[in-house]
Amino acid sequence: MDADVHSPMRGILLKILSVVVFLGMSTCIKAAGSDIATGQITFYRSAFAMVPILGFLALRGQLRDAFKTTDVTGHLARGFVGILAMSFGFYGLVHLPLPEAIAIGYAMPLLAVAFAAFFLGEVVRLYRWTAVMIGLVGVLIITWPRLTLFEQGGFGESEALGAAAVLLSAIFGAMAMVLVRRLVQKERTHTIVLYFSLSASIFSLATLPFGWAAMSWTSFLLLMIAGFCGGVAQILLTESYRHADMSTIAPFEYTSIVLGIVIGYFLFGDVPTATMLAGTAIVVGAGIFIIFRERRLGLERKGARKHVTPQG
């Protein structure tokens, strides 16, 4: 095996870079303004993401193979569910403080554990179920002050709707993760990445008749940069998994909350509340526990395979 193929430090660095670039994407979307249609944002995010993805695949000589697939239906299903996750997430992003939108989004990997048990038949034991429940309590702590705005100001309160939208985004995002787990059993990673951007662009373009906003050149440029950043970040994330185990680099996803707090404060004047910080600490703690629990179970399974007596 090439030394570069398994290099944990390189994997961690690529993961952190992907987090930074994804945050750059989110910052551009939030800065573009809340008056732009969600489908419009999603289209630019998906369409311009294809520029670096296609360039990267061409550079690696994988462009032709990337379009070859045996499961078009699976890619379309993943694209449709993924576009719902992105749309709700982007709506929440422009109506919530940046750190809160990030923190509520951490519910996605917790829900993915539950969905994997229900839909894929994966075995989830008491420790991980407990962590999932504790993590969701943390999400409730973060969102509750926003959701109670429904009672104070009616259904039109933008922050309450934003919190609900990010929760829906986490649910659909977890469903998308389940669909991806099915796809990776028979499809190449670069094929999955390419078809997601392609299908997401098509699905979001279908929202054009429902009214897209006339944008300023500044907003157009911000959304174009957001899309490009999304594509670059996806490449960095995919490459990080080539150099290190998922359980090694996954905890570094939570660096996004620290960076999000800094960016939110200096660019948008978002000041994190004590409730938000407490809930985030609970969610992050539960997520990290699940990651290390997965790693331990993986090592145990590997050890068990090594000690199986050969037959015959």
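Modeller: What follows is a description of some ring pairs and their surroundings. The model is predicted, so to speak of it with care: local features need pLDDT of at least 70, side-chain atom pairs count only at pLDDT 80 or more, and totals for chains, interfaces and linings use all residues. Residues are numbered from 1 along each chain as its sequence is written, and side-chain values use heavy atoms, with hydrogens and water left out.

Rings of Phe, Tyr and Trp (its six-membered ring) pair if their centres lie within 6.5 Å, and planes under 30 degrees apart count as stacked, over 60 as edge-to-face and the rest as tilted. By this rule there are 14 aromatic pairs. In one of them, the centres of Tyr-44 and Trp-212 are 6.5 Å apart and the planes stand at 45 degrees, so this pair is tilted. Tyr-44 belongs to helix 2 (residues 38–59), while Trp-212 is in the loop between helix 10 (189–205) and helix 11 (217–243), 168 residues apart; helices here are DSSP runs of H or I with at least four residues, numbered from the N terminus.

Tyr-44 also pairs with Phe-220, edge-to-face, at 5.7 Å centre to centre and 85 degrees between the planes. Because Phe-220 lies in helix 11 and Tyr-44 in helix 2, this pair ties together parts that are 176 residues apart in sequence.

As for accessibility, Tyr-44 is buried at 13% (under 20% relative accessible area, with exposed over 50% and partly exposed in between, for a 1.4 Å probe and protein chains only), whereas Trp-212 at 22% is partly exposed. Ring pairs link Phe-43, Tyr-44, Phe-48, Trp-212, Trp-217 and Phe-220 into a cluster.

Key. Helix = DSSP H or I, 4+ residues; strand = E, 2+ residues; numbered from the N terminus.
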